Amino acid sequence: MAKLADHIILIGFMGSGKSSVARRLARLEHMTSIDMDIFIEREAGRDIPAIFAAEGEEGFRLREFDFLRSMPARDRCILSCGGGVVVRDESRSLLKCLGTVVYLVVDAAEAVSRIPRPEGRPLLAEGAGGLRPDEILSSRLRYYEDVADLTVDTSGRSIGQVVVAVRRMLRAAGKL
Ligand code: S3P
């Protein structure tokens, strides 16, 4: 598939450490990092729970896709994606063309234990009425694996340890 850009893109479930790893790696490599959730919140003028409340999950997924469409025109950067970006087919297809996709693996129990304020994540919030975190994760596993170029297990590892592992893999792949 023809590449449209050469970004480094972090994907993985909520709590896998994408945002922190992206920020730290960017600092070490003197690169820019972009946090997709923050970008979308700024553009929408409201936070993610408010976007979900007003536009539904579908509206949020569309915003994610629109944001990804802006990536080919941006300077090379480290992008941390929202955990559900892989749910939309068009977003998965686009992700594969935007650079090197690194999948940060975490299991549902550890992910939940790492998230101090679940109310900021509409899909984890109490009363969301949907699936349990482990069910959401299981429904996405094949999507994460489909999109990933590189996979890093974050279980029991600190952010610093994950950054070391990601950096090593990207170096070996000639991407840093
Ligand atoms: C979501 C993950 C969140 C955020 C939104 C939806 C998901 O991002 O995009 O709450 O569907 O998994 P993080 O993975 O950064 O928490």
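# Pockets and ligand: a tour

Start by selecting helices α1 (18-29), α2 (36-44) and α3, each of which supplies at least two residues of the lining of the largest pocket. Helices here are DSSP runs of H or I with at least four residues, numbered from the N terminus. The model is predicted: local features need pLDDT of at least 70 and side-chain atom pairs pLDDT 80 or more, while totals for chains, interfaces and linings use all residues. Residues are numbered from 1 along each chain as its sequence is written, and side-chain values use heavy atoms, with hydrogens and water left out.

Keep α3 selected: its 6 residues are the largest share of the lining of the largest pocket. A pocket is an open set of points, on a 1 Å grid over the protein atoms alone, where a 1.4 Å probe fits, with protein on both sides within 12 Å along at least five of seven lines; lining residues have an atom within 4 Å of a point. Next select M14, S19, D37, G120 and R121, which lie nearest the centre of the largest pocket among its 34 lining residues. Coloured by class, that lining divides into 12 nonpolar, 10 polar and 12 charged residues; Gly counts as polar, and Asp, Glu, Lys and Arg count as charged. The space in the largest pocket is about 770 Å³, a volume being the space filled by probe spheres set on the grid points.

Now show the ligand. The space that the ligand takes is the largest pocket. Around the ligand are 13 residues, and K18, D37, R61, R121 and R140 come nearest; a residue is near if one of its heavy atoms lies within 4 Å. Helix α3 (residues 48-69) gives the most to this shell, with 3 residues.

Zoom in on the ligand's oxygen atoms. One oxygen atom is 2.8 Å from a polar backbone atom of G83. The side chain of D37 has an N or O atom 2.8 Å from a ligand oxygen, and the side chain of R121 has an N or O atom 2.8 Å from a ligand oxygen. The protein covers 96% of the 390 Å² of accessible area (Shrake-Rupley, 1.4 Å probe) that the ligand has on its own.

Finally, go to the second largest pocket, with about 190 Å³ of space. Select E57, L123, L131, I136 and R140, the closest to its centre of the 10 lining residues. Helix α6 (residues 133-147) gives the most to this lining, with 4 residues.

Notes. Polar contact = N/O pair within 3.5 Å; in protein donor to acceptor, adjacent residues only side chain to side chain. Sits in = over half its atoms within 2 Å of the grid points.
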